[in-house]
Amino acid sequence: MEHKQLDQFPTNFLWGSASAAYQVEGAWQEDGKGVSVWDEFVRIPGKTFKGTNGDVAVDHYHRYKEDVALMKEQGLKAYRFSVAWTRIFPNGRGEINQKGLQFYIDLVDELIDNQIEPVLTLYHWDLPQALQDEYQGWESRKIVEDFTNYAATLFEALRGKVKYWVSLNEQNIFISHGYLMASHPPAVSDPKRMYQANHYANLANAAVIKKFHEMDMPGQIGPSFAYGPNYALDSDPKNVLAAEDAEDLNAHFWMDVYLFGKYPIAAMKMLKEQGLAPTMEAGDEELLAAGKPDFLGINYYQTNTVVFNPLDGVGMGKMNTTGEKGSTEESGLPGVFKRVENPFVERTNWDWEIDPEGLRIGLRRIASRYRIPVLITENGLGEYDKLTEDKEIHDDYRIDYLNSHVHAIKEAITDGVEVLGYCTWSYTDLLSWLNGYQKRYGFVYVEQDENQNGTLNRYKKDSFYWYQKVISENGANV
């Protein structure tokens with residue numbers, strides 16, 4: 001629908017930005033921190049771009065006050081970050097590492113002192129290696145108890161200071177990449193194991209949300225889901241059904257569990273027929289139903305356009321991790337759907353579709369199906385940025401991208417969607433998991449090349465000043 005006039009953003013709208021511990025902190029062996037699965041995975045030859053790792057990352061662990069000062073200068077209202085589980089419990093459980101916990105207490109206090117709302121993500125992929133070695137991490141029910149204990153420790157330590165908590169970040173991504181595509185740890189390609197690990201992750205997510213509410217924690221909690229709405233290429237009924245199937249298997253399969261405590265009917269029936277459905281035990285359904293979130297976090301980057309894919313059609317293809325535009329391979333699920341290029345949208349150098357209207361569509365779908373407030377926990381453009389001789393970065397392409405997506409949010413709010421805030425990805429440049437340091441997302445340029453050489457000095461991009469103005473105006477002129 002087209003509106004004559006758009007509603008304004010709420011006065012308490014959380015204009016924010018985001019990061020993840022492994023991608024920014026560095027200090028991978030300091031102050032008692034344990035080893036995570038990513039600390040090990042990046043050392044496997046060929047797994048990351050040019051073998052890049054997060055040993056130093058952008059040194060946020062030592063420079064957090066400098067980074068928070070930049071946030072304050074920009075006028076940021078919220079900063080979303082994740083806690084490294086291995087800083088709190090080096091082996092996943094046991095005795096608390098007080099130095100690691102104190103880092104996050106200090107970071108939260110620094111944010112609050114600068115009038116910036118902390119948005120804390122409990123898990124952003126860096127599982128303790130000790131738990132992976134002991135019981136295969138997410139492939140065991142033991143993870144539920146250990147994750148809940150870890151979360152409860154943070155709840156107690158930061159009670160009253162952190163009002164917004166994200167339980168799991170992009171469960172659909174770390175599970176599918178870890179257990180199907182073998183591009184994330186533990187580098188497995190086994191759909192049966194993937195769906196079982198995903199079920200245990202669902203139980204862990206629900207248990208932590210349930211614990212949060214049982215502890216009568218002040219604030220709100222919810223998972224963060226990587227949502228790419230699915231379109232049919234055209235009105236051919238076969239392609240329309242393929243898009244419905246893709247939405248069921250790639251979106252509802254997670255969001256329905258978060259909000260309804262149940263898996264979608266058609267998707268689950270298909271998995272049972274194929275012998276891939278997860279094993280459910282007594283009490284699982286009750287736990288899933290008891291873990292209803294207060295809001296749904298959404299990480300939005302692109303949409304997916306699909307057509308019908310026959311049983312002898314294409315399977316999983318290789319993704320573009322080099323930044324060579326057009327190098328993504330065709331991929332799909334035989335008998336269900338296949339991804340194709342959308343002729344109506346542009347793509348990034350990493351072949352991600354640039355579709356701000358898709359964000360509005362996604363928000364509308366969530367509001368209609370789930371009737372829950374949404375916090376946009378990630379949205380941003382990863383591209384090549386150039387530092388001039390004058391130490392300036394002219395990233396008009398990023399400004400255009402973000403501006404169009406903020407406008408889409410404004411339209412969705414006018415449609416009636418309750419949006420709590422908008423956290424861009426990312427605040428500073430950081431390590432892109434598989435794409436190294438050449439793929440930049442931040443408002444703040446970090447001087448470091450793709451081979452991890454550089455001063456790590458911070459420089460404000462043109463987009464820094466654009467967002468500063470948007471925040472000061474509360475998005476009135478977007």
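Select Tyr 150 to begin: this residue is buried, with a relative accessible area of 0% (buried means under 20% relative accessible area, with a 1.4 Å probe and protein chains only). The model is predicted, with local features needing pLDDT of at least 70 and side-chain atom pairs counting only at pLDDT 80 or more, while totals for chains, interfaces and linings use all residues. Residues are numbered from 1 along each chain as its sequence is written, and side-chain values use heavy atoms, leaving out hydrogens and water.

A search of the whole structure finds 39 aromatic pairs (rings of Phe, Tyr and Trp, the last by its six-membered ring, pair if their centres lie within 6.5 Å; planes under 30 degrees apart count as stacked, over 60 as edge-to-face and the rest as tilted). The pair of Trp 85 and Tyr 150 is stacked, because the ring centres are 4.8 Å apart and the planes lie at 10 degrees. Trp 85 belongs to helix α4 (residues 85-88) and Tyr 150 to helix α7 (residues 142-157), so the pair ties together parts that are 65 residues apart in sequence. Helices here are DSSP runs of H or I with at least four residues, numbered from the N terminus.

Now select Phe 225 and Tyr 227, whose aromatic pair is tilted, with 6.2 Å between centres and 40 degrees between planes. Both Phe 225 and Tyr 227 are buried.

Finally, select Arg 440 and Tyr 445: the charged end of Arg 440 sits over the ring of Tyr 445, 4.0 Å from its centre (NZ of Lys or CZ of Arg must be within 6 Å of the ring centre and within 35 degrees of the ring normal).

How values were computed. Helix = DSSP H or I, 4+ residues; strand = E, 2+ residues; numbered from the N terminus. Buried < 20%, exposed > 50% of the residue type's maximum accessible area, 1.4 Å probe, protein only.
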